[in-house]
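Please show the sequence and the structure, so that the reading of selected features can be discussed.

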Amino acid sequence: MIVVAGEALIDLVPQGPGALAALKPTPGGGPYNTAVALGRLGSPTAFCSRTSRDAFGEALLDGLRRSGVDVSGVQRGPEPTTLAAATIDDGGSAAYSFYVDGTADRLFTAPPSLPAGTRAVSFGTLSLVLEPGASAYEELLRRAAGQGLFTALDPNIRAGLIPDADAYRARFASWLPSVTLLKVSEEDAAWLGGTPRAWLAEGPSAVVVTRGGDGLTVFTEGGEYSVPGEKVDVVDTIGAGDTVNAALLHGLAAQDALSPKALAALGTEGWTRLLRFAARAAAITCSRAGAEPPYAAELGDL
């Protein structure tokens, strides 16, 4: 079982160019997209979050169920669902405006235990920024690491929601000893102001940096491995990074590599195969509107 912990929200996806394009509500949120992608790839997956009892909240849970994700541990509340309004530039890249005050996911509390058979827990995005839930997710991250579980972190920076950048950077650094796999985009890395090698020294066994259409690079103690991006006609990039998260976790589970020791043993062949799989998965997501990660049958073998 892979547990994905974090927010579920509604993306308001523009149906054309410009700030006043019609918006279509679609399920989203980095952790939500990661959970859906894992379920579609066939990995046993559970979602750990708090969602609204409103119509959007019900739609979010339905989307998880349709992808085979266990939602039995999801907390519920009467508060509204978080909204993220996207705008798309000429290259397909998305920028967001968030509506988060008083929403349900912010009131998440850490569960007393994780599902039986949990091997890995994935964290990231808004859930580690917005209090009081951020502290609860942080508690869960540290507890999972203390139990010897594989932990994955994608900070997926949304700078407009971070009131004190230096305080967040310090907090991010404090998470690193509890992280097995860190995944960041080039943009995230620039904003955080660190380097993959420096982050490796603080705890993670591997750091994956995504470079958009230029591909992915992983940094490990044993070496550095890169693959190019898959060429595709980009509709938008919504959910691409989340799909990479899922593909990495799914591929590591398939190779029985959900541990620091196993990560270290992957080597050139193992990492290259895994990164190509993740690049292929992200390219499919970019080829269609919104966060629509691929199913296993669309990707073929790892």
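The dialogue below treats the sheet and then the aromatic rings.

Q: What kind of model is this, and which values count?
A: The model is predicted: local features need pLDDT of at least 70 and side-chain atom pairs pLDDT 80 or more, while totals for chains, interfaces and linings use all residues. Residues are numbered from 1 along each chain as its sequence is written, and side-chain values use heavy atoms, leaving out hydrogens and water.

Q: In what order do the strands of the sheet lie?
A: Strands of a sheet pair through backbone hydrogen bonds, either parallel or antiparallel. Strands are DSSP runs (E, at least two residues), as helices are (H or I, at least four), numbered from the N terminus; two strands pair if DSSP finds at least two bridges between them. Here, 8 strands form an open sheet of mixed pairing, in the order β4-β1-β9-β10-β11-β12-β13-β14. β4 (45–48) and β14 (223–227) each have a single partner strand, so one side of each lacks a neighbour in the sheet.

Q: How is a pair of aromatic rings described?
A: The distance of the centres and the angle of the planes describe such a pair. Rings of Phe, Tyr and Trp (its six-membered ring) pair if their centres lie within 6.5 Å; planes under 30 degrees apart are stacked, over 60 edge-to-face, and the rest tilted. The count here is 6 aromatic pairs. The centres of Tyr32 and Phe47 are 6.1 Å apart and the planes at 90°, so this pair is edge-to-face. Tyr32 lies in helix α1 (residues 30–41) and Phe47 in strand β4, so the pair ties together parts 15 residues apart in sequence.
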